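Thanks for coming. I will go through one chain this morning, starting with its fold and ending with its surface.

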Amino acid sequence: EKVTFSADGTKLLGVNTDGARFKLDSLPNDPNLLTELTKHKVDVTVLPSQESSGLGELAQSLVLPVALFGGLYFLSRRGGGQAGGPGGMGGPGGAEGFGKSKSE
């Protein structure tokens, strides 16, 4: 009843009269295929080719690294002014107290 071809013409997605869907990943190189389909009153459509945008792909590839570095920056700035306080890095005494003896 309905057939949709991929833009490059190598794949086909169809729906028969019962509503069952089927998919063909490789089509035979048959020049009469289109005329046979239209002769049997099959609705034929072809998907338009998708033009990839270089800017869109660049934005998608930068989302995860930016979120990762943003999160690390947020975590490092969160306890920056509190040397050794809650949420600070280095525990009690901060980084300045690392390796010093507490025996006094």
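How many helices and how many strands does the chain have? There are two helices and four strands. Please keep in mind that this is a predicted model. If you read along the sequence, the elements come in the pattern β-β-β-α-β-α.

Let me take the strands first. The four of them form an open sheet, and their order across it is S3-S2-S1-S4. The pairing in this sheet is mixed. At the edges are strand S3, residues 21-24, and strand S4, residues 43-46, and each of these pairs on one side only. On average, neighbouring strands of the sheet are turned by 15° against each other, with direction ignored.

Strand S2 covers residues 12-15, and four bridges join it to S3. These two strands run antiparallel. If you want a place to look on the screen, find Gly-14, whose bridge partner in S3 is Phe-22.

Next, the charged side chains. How many salt bridges does the chain have? The count comes to two.

One of them is between Asp-25 and Lys-23, at 3.9 Å from N to O. That pair counts because the cut-off for a salt bridge is a nitrogen within 4 Å of a carboxyl oxygen. Is Lys-23 buried or exposed? Lys-23 has a relative accessible area of 58%, so it is classed as exposed, the limit being over 50%.

The other salt bridge joins the side chains of Lys-39 and Glu-36, with an N to O distance of 3.4 Å. Both residues belong to helix H1, which spans residues 33-39. Lys-39 and Glu-36 are three residues apart there, about one turn of the helix. As for accessibility, Lys-39 is exposed at 57%, while Glu-36, at 36%, is partly exposed.

Last, the chain as a whole. What share of the 104 residues counts as buried? The figure is 10%. The chain exposes about 8900 Å², and carbon and sulfur atoms supply 59% of that area. Turning to contacts, take those in the chain with a separation of 6 or more: residues 24 or more positions apart account for 34% of them.

To recap, we have a four-stranded open sheet with mixed pairing, two helices and two salt bridges.

Definitions and conventions
Residues numbered from 1 in each chain as written. Predicted model: local features only at pLDDT ≥ 70, side-chain atom pairs only at ≥ 80, totals over all residues. Heavy atoms only, no water. Pairing = 2+ DSSP bridges. Axes fitted to C-alpha atoms, helices over the stretch in contact; angles between N-to-C directions. Buried < 20%, exposed > 50% of the residue type's maximum accessible area, 1.4 Å probe, protein only. Contact = heavy atoms within 4.5 Å. Areas by Shrake-Rupley, 256 points an atom, 1.4 Å probe, with all protein chains shown as cover.
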